[in-house]
Amino acid sequence: MAGQKIDIKATLLRLKMWITHNWPWKLLSLFLAICLWSGLITQDESLTREKVFNNVTINIVNADTLRRNGFIIVSGLESLPTVRFRADVPQKVYNIASASNYNLRIDLARIHDTGEQTLNIISTTTNTYGTVTEMSVSTVTVQVEEYISRSRIPVRLSTTGNPPDGFYAAGASVDPSYVTVSGPRSLVNSIVRCVADYNMALLTPVSGLERTAVPYRLVDASGDEIDSALIDVTSESVRLDSLLVEQALYQTRQLTINTTDLTVGTPAQGYVVKRITAEPATLTIAATNQIINALSEIHLVEFISAPIDISDATTIISRNIRLERPAGMAWSSSDTILITVEIAPE
């Protein structure tokens, strides 16, 4: 027993000496061995570790292909859930692997019919980043309709407000005058017109042609708006987010009517023209700046086709004279003037 104790003690002593002798080198060797082992492990693609990804967004692909195939999804994609999934990731990329490497997606090109459709959530498998093994959500249910287009939907202006003070707004035009609408059959078939909302109060108070981009609405036969992000409005294959309204503005001015030289001929013998009056006595016109600035009064004879013939007249003559607007005059407050020629004995 004593010999055994001596041997144990000697063995422990030798072990202690071996450990403490050159211990820094031995510790370094152990560290290097561990690093070498770790490096070999991470380079071995056959070794994988499970990694969990939370709150991953699902991508939607091939929406254009779906429409070219004549279908469109009307519900089911507006509130897609986020996904929690597990993947077997190779050791060497474990720390840098992200959810985007697996591209969780729904492929709409796999839809070939209308009605309720169940779509699988698919993922990408690669040798570099491994394979998805489990997902918290694996399918999505959607409603599918036919995708159709209707052309030559008429555009109408809905005008509100008044032009700036001192200006007259001529008839506005909208471009384009027809549009094409595309979308789910149930919505597109109910559209009867496109309404452009145009507010004249927003016009700039300057004479000339003004172009304004205005919003539009799609309405049904009852006048109710059809508002849906699923409907595309185009013109000549260009998608529209507004319509163009062209509006000509003319400056206005109130002018006195001058009746000089308005008659031809002479009254009967012994009679004279006492006076000539016009009703209304003033006229407000809208015209180009060139005309407005050149006029100080309305010389009425220049705005009628022929003067009033008073040859051999013995009584009062009244005529409603229709005005003929010259080029550049867009509007007048009255289209006709009542002219009264008072003829009386001398």
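This is a predicted model: local features need pLDDT of at least 70, side-chain atom pairs count only at pLDDT 80 or more; totals for chains, interfaces and linings use all residues.
- Once its neighbours within four places in sequence are left aside, I285 is in contact with Q251, T252, R253, L255, I292, L295, I298, M329, W331 and S332.
- I285 lies in β20, where it stands opposite R253, and the two strands β17 and β20 pair in the antiparallel sense over six bridges.

**Other partners of β17**
- Strand β13 (residues 208-214) runs antiparallel to β17 and is joined to it by seven bridges, with G208 standing opposite L249 of β17.
- L249 of β17 is also the bridge partner of A169, and strand β9 (residues 167-169) is joined to β17 by three bridges in an antiparallel arrangement.
- Strand β10 (residues 173-175) likewise pairs with β17 in the antiparallel sense over three bridges, and S173 has E246 in β17 as its bridge partner.
- Strand β21 (residues 298-299) runs parallel to β17, to which two bridges join it, and here N258 stands opposite H299 in β21.

**The sheet containing β25**
- Three strands form an open sheet in the order β19-β25-β23, and their pairing is antiparallel.
- Because β19 (271-279) and β23 stand at the edges with a single partner strand each, one side of each is left without a neighbour in the sheet.
- On average, and with direction ignored, neighbouring strands of this sheet are turned by 20° against each other.
- Eight bridges link β19 and β25 in the antiparallel sense, and the bridge partner of I276 in β25 is V341.

**The largest pocket**
- The largest pocket has a volume of about 160 Å³, and its lining is made up of Y216, R217, L218, E225, I226, D227, S228, A229, I231, V233 and R239.
- Strand β14 (residues 216-219) gives the most to this lining, with three residues.

How values were computed. Residues are numbered from 1 along each chain as its sequence is written. Side-chain values use heavy atoms; hydrogens and water are left out. Contact means heavy atoms within 4.5 Å. Two strands pair if DSSP finds at least two bridges between them. Helices (H or I, at least four residues) and strands (E, at least two) are DSSP runs, numbered from the N terminus. Axes are lines fitted to C-alpha atoms, for helices over the stretch in contact, and angles run from 0 to 180 degrees between N-to-C directions. On a 1 Å grid over the protein atoms alone, a cavity is a set of points where a 1.4 Å probe fits but cannot get out, and a pocket is an open set with protein on both sides within 12 Å along at least five of seven lines; lining residues have an atom within 4 Å of a point. Grid points are joined across faces, edges and corners, and a volume is the space filled by probe spheres set on the points.
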